[in-house]
Amino acid sequence: MASGIRIKAKLSGDQAEVKTLMKHDMETGTRKDTKTGETVPAHYITEAKAELNGKLVMTANWGPAVSKNPYFAFNIKGAKAGDTLKISWVDNKGETASEETTLS
Amino acid sequence: MHNTRRLFLKGAAAAAALMALPRALLAWPDKAFKANSRDDAMQALFGTTDSSESSAVMLNAPDIAENGRVVPISVSSTLEGVTSISILVEQNPSPLAASFDLGPGAVPEVSTRLKMGKTSNVIAVVKADGKLHTAQKEVKVTIGGCGG
Amino acid sequence: MRKNRLIAGVSVLAVLWAGSVLAADEPAYTKACAAAEEARKMAAELRYEWNTVEPLMKKASEAAAAGDYAKGVKLCDEARKQSEVSIAQAKHQADAWRAAVVK
Amino acid sequence: MKRLVTILLGAALVAGLAWATPEDDRKAFIEHYKKRFPDVAVEDYVNGVYSIDEEAYEQWQEIEEFAPYELALAEGKELFETPFANGKTYGDCFPSGGVGIRQNYPYFDTESGQVKTIELEINECRESNGEKPYKYKKGPIAAISAYMAYTSRGEKLNIVIPGDPRAQQAYEDGKELYYSKRGQLNFSCADCHIYNAGMMVRADKLSPALGHPTHFPVYRSKWDDMGTLHRRFDGCNKQVRAKPLPAQGEEYRNLEYFLTYMSNGMEVNGPGARK
């Protein structure tokens, strides 16, 4: 999982229950590194996107108050087996990651 | 005449600033996330603070957080035409924690985990057909301790 | 004028004299901290060292480095006393623990 | 004549005490918790404090929906399967390729006369294959140990204390460490986790010792990170203001031996998520 995004998607009827966990430090920019004593700069995911078959389903705008290794769960209507679900994020440093899975 | 010129300049400057932001950040409600009061955040995010508590908005949050760094929060709504779900932690330095924009096909139900600095009201704000509906709950946060 | 200078001279002497009696000198500091280290080692040997002792000894050496040997002595004495209590704790627990076992 | 009788009686009494076998200890341990928490089934104790705290249990279930340790699990699996420079892997060091064996740890190794734990043997495996050992409390070793625990989920703890007097002594030393009061606060592990399990320490409910080791290694929100059982021993020691003993040192390994034996027969459910 090089992207660090783990997806658990379950189809029940025409609804897809999606749970994701994304590896990210989500530094608030106010935390002091106990060893060096310096403040760790802010580094957090600002936007996470969910796309079904390329169509944007959900955009999550996040601030630094979202917990480290963010968890994000939501449901999609009108999903069916074989659809491709893509989860991607971008953070305040412009870094990005994305992961795709096929609903089954 | 004079006035419009300044407006024009300000506009250009603002546009230039926006250009500098990475493309994805254009949609990111920067001011709302930087606001440090509940009302300022809502004003910046929605352009208004008037909202009404509604039982059609369900906020699931613990009474006492096991740990303020990882507080599981879920918000769902039975309202029609929900376009966004936002979560504010009133006592956090900047209350707006997350704001979910729902596209077509998205069910109005989201779960995530938030950091809370101390005991605070957690407010869910659901925007449906342009109106704001809220649910609120106090979550106690304890600091320090041996972890049991 | 002469009187003032006299008073000034006496008060300086007084301060110096008081300083030397009150402030332990370096040998006293070294002795106190050697005793503290001795006791700490014995407590560690028994696996009953407290984590409050080393910080006290560190503060003591910082105080001494700043020339405040009196404070150094006080801190090392406190460290030694704590280690002595932890040694007594170890000796007492050596057989007291059995009584606590769930039967 | 009377004096002889008292001496004989005294000897019997002392012997009786010393004769409490590990199995007697374990049974008495379980009886203690049955009395203390009558409506908690023994097998539930694998969930730690969540077996005796309904509200915290619900919040814990929310976290378990997608537990933060899953990231370490994926990393641990990858590390476990990545060959060393010499081409060997951890599978070559452990019985059954290291899969589904956590329930047998720790065990007494008659050859070295020592209690062996999974983390100790992970490093022994690394060193015997020319690799640098990992740190014991967190980092890669916690991820690998988490994966090995995960492959044993559902297996029942199967700790063996052989008749070998060195093994009996290791068990006794671990027991002594568990029950002896230490640190400036003068607490023993038992003071909190046996005699005050379920009570509050400020805002934290003290977890029962029964079932304690089954969920290790653990991801704790407080650390925002994985940690091994010995990292947790460290934490507890610091909190009673005792200087922690070396991770994977003989004392902690014997402590783990005793503590895990107390939960013998209970199901492995590591890695766990806690506050």
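Helices here are DSSP runs of at least four residues, numbered from the N terminus. Keep that in mind as you move through this predicted model.

**Stop one: chain C.** Select helix H4, residues 69-100. Now pick out Lys81(C), which sits in this helix. Lys81(C) has a relative accessible area of 45%. Is it buried, exposed or partly exposed? Partly exposed, because 45% falls between the 20% and 50% cut-offs.

Together with Lys81(C), they form a positive surface patch. Which helix gives the patch its largest share? Helix H4 of chain C does, with three residues.

**Stop two: chain B.** Hide the rest and colour by secondary structure. Chain B holds three helices and nine strands.

Now switch to a surface view. Chain B exposes about 7200 Å². Carbon and sulfur atoms supply 57% of that area. Of the 148 residues in chain B, 47% are buried. Look at contacts too. Among those with a separation of 6 or more, 60% join residues 24 or more positions apart.

**Stop three: chain D.** Select helix H6, residues 140-150, and find Tyr150(D) in it. Tyr150(D) is partly exposed, with a relative accessible area of 40%. Show its neighbours. Leaving aside residues up to four places away in sequence, Tyr150(D) touches Leu73(D), Gly270(D) and Pro271(D).

Finish with Gly100(D). Gly100(D) and Tyr150(D) are 50 residues apart along the chain, yet their C-alpha atoms are separated by 8.0 Å.

Terms used
Residues are numbered from 1 along each chain as its sequence is written. Chains are lettered from A and ligands numbered from 1 in the order in which they are written. This is a predicted model: local features need pLDDT of at least 70, side-chain atom pairs count only at pLDDT 80 or more; totals for chains, interfaces and linings use all residues. Side-chain values use heavy atoms; hydrogens and water are left out. Patches are made of residues with over 30% relative accessible area and no salt bridge: like charges are joined within 9 Å, nonpolar side chains (Val, Leu, Ile, Met, Phe, Trp, Tyr) within 5 Å. Accessible areas come from the Shrake-Rupley method with a 1.4 Å probe; for residues, only the protein chains shown count as cover. A salt bridge is a side-chain nitrogen of Lys or Arg within 4 Å of a carboxyl oxygen of Asp or Glu. Lys and Arg count as positive and Asp and Glu as negative; His and the chain ends are not counted. The place of a charge is taken as NZ of Lys, CZ of Arg, CG of Asp or CD of Glu. Helices (H or I, at least four residues) and strands (E, at least two) are DSSP runs, numbered from the N terminus. Buried means under 20% relative accessible area, exposed over 50%, partly exposed in between (1.4 Å probe, protein chains only). Contact means heavy atoms within 4.5 Å.
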